[in-house]
Amino acid sequence: MDARDWTFGGTWLYEPRWLFTDGIRLHYVDEGPREAGAVILVHGLLVWAYAFGNEIGELAAAGRRVVAYDQLGFGRSDKPTREAEYSLERDVTHLEALVDELGLERVELVAQRSGAPIVRGFAARRPAQVVSVEERDEPALPEIVRMPFLGRLLLKGARVPVRRMVLSEVERAAYLAPHPSWESRCGLVAALRREGSG
């Protein structure tokens with residue numbers, strides 16, 4: 001496990017949990033009363049579960065069970081170094097595995113825009129388990145990042161979109177931390193490609 005401090009100045013204090021499935025390890029948090037209806041938060045392209053930090057606490061305090069996880073290639077989850085290892089089908093299968101692992105019979109799904117295909121795929125496979133689906137906007141990518149070759153370099157090499165977001169230093173550190181190397185950023189490029197914009 002990564003021995004770095006992942007609390008980011010006390011802004012992320014949730015206990016890390018791990019799902020081992022499909023030959024990989026996914027990180028998630030599971031907060032609030034277990035008997036309550038579950039809300040699953042699905043992050044977008046530039047971020048990880050940290051993006052929902054405040055909302056996780058608020059929902060749990062309101063008596064909801066809230067689960068937020070890092071997709072393959074993001075946050076504290078494993079990061080395969082070949083883009084071919086990433087696919088929408090695999091992401092949907094991972095969400096199914098998480099729901100099964102936690103024994104969730106009915107779920108509300110909330111996704112940032114680029115995470116929406118995952119929740120739509122889950123809902124198509126398991127409609128009886130889905131109470132509702134909410135899709136939200138997320139920070140827009142600079143148009144230059146959508147250019148096939150240059151965009152790949154700016155996203156994977158320089159993390160330009162995150163560096164251009166209006167963030168505190170702690171937030172910026174939290175969003176940059178999961179991808180310290182070129183190899184660790186394959187999931188970012190694969191997600192952009194899947195979005196049909198790269």
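**Briefing: spaces and helix packing**

The residues lining the largest cavity divide into five nonpolar, three polar and two charged. The model is predicted.

**The cavity**

- The count comes to one cavity of 30 Å³ or more.
- About 50 Å³ of space lies in the largest cavity.
- Its lining includes Gln-71, Leu-72, Phe-74, Tyr-86, Ser-87 and Asp-91.
- Gly-187, Ala-190, Ala-191 and Arg-194 are also among the lining residues.

**The largest pocket**

- The largest pocket has a volume of about 200 Å³.
- Residues lining the pocket include Tyr-50, Ala-51, Phe-52, Gly-53, Asn-54 and Glu-55.
- Thr-11, Leu-167, Glu-171 and Tyr-175 also line the pocket.
- Two or more lining residues come from each of helix H1 (53–61) and helix H6 (169–176).
- The largest share, three residues, comes from H1.
- By class, the pocket lining has five nonpolar, three polar and two charged residues.

**Helices H4 and H7**

- H4 passes H7 in a right-handed crossing.
- On the H4 side, the contact residues are Arg-152, Leu-155 and Lys-156.
- They meet Cys-186, Leu-188, Val-189 and Leu-192 in H7.
- The residues of this contact divide into five nonpolar, no polar and two charged.

**Helices H2 and H3**

- Helix H2 (residues 88–102) packs against helix H3 (residues 116–125) at an angle of about 65°.
- The axes of H2 and H3 are 9 Å apart.
- H2 passes H3 in a right-handed crossing.
- From H2, the contact uses Leu-88, Glu-89, Asp-91, Val-92, Thr-93, Leu-95, Glu-96 and Val-99.
- From H3, the contact uses Pro-117, Ile-118, Val-119, Gly-121, Phe-122 and Arg-125.
- By class, the contact of H2 with H3 has eight nonpolar, two polar and four charged residues.
- Asp-91 of H2 takes part in this contact, and Asp-91 also lines the largest cavity.

How values were computed
Residues numbered from 1 in each chain as written. Predicted model: local features only at pLDDT ≥ 70, side-chain atom pairs only at ≥ 80, totals over all residues. Heavy atoms only, no water. Left-handed = near helix turned anticlockwise from the far one by under 90°. Helix = DSSP H or I, 4+ residues; strand = E, 2+ residues; numbered from the N terminus. Contact = heavy atoms within 4.5 Å. Nonpolar A, V, L, I, M, F, W, Y, C, P; charged D, E, K, R; others polar. 1 Å grid on protein atoms, 1.4 Å probe; cavity = no way out; pocket = protein on both sides within 12 Å on 5 of 7 lines; lining within 4 Å. Points joined across faces, edges and corners; volume = space filled by probe spheres on them. Axes fitted to C-alpha atoms, helices over the stretch in contact; angles between N-to-C directions.
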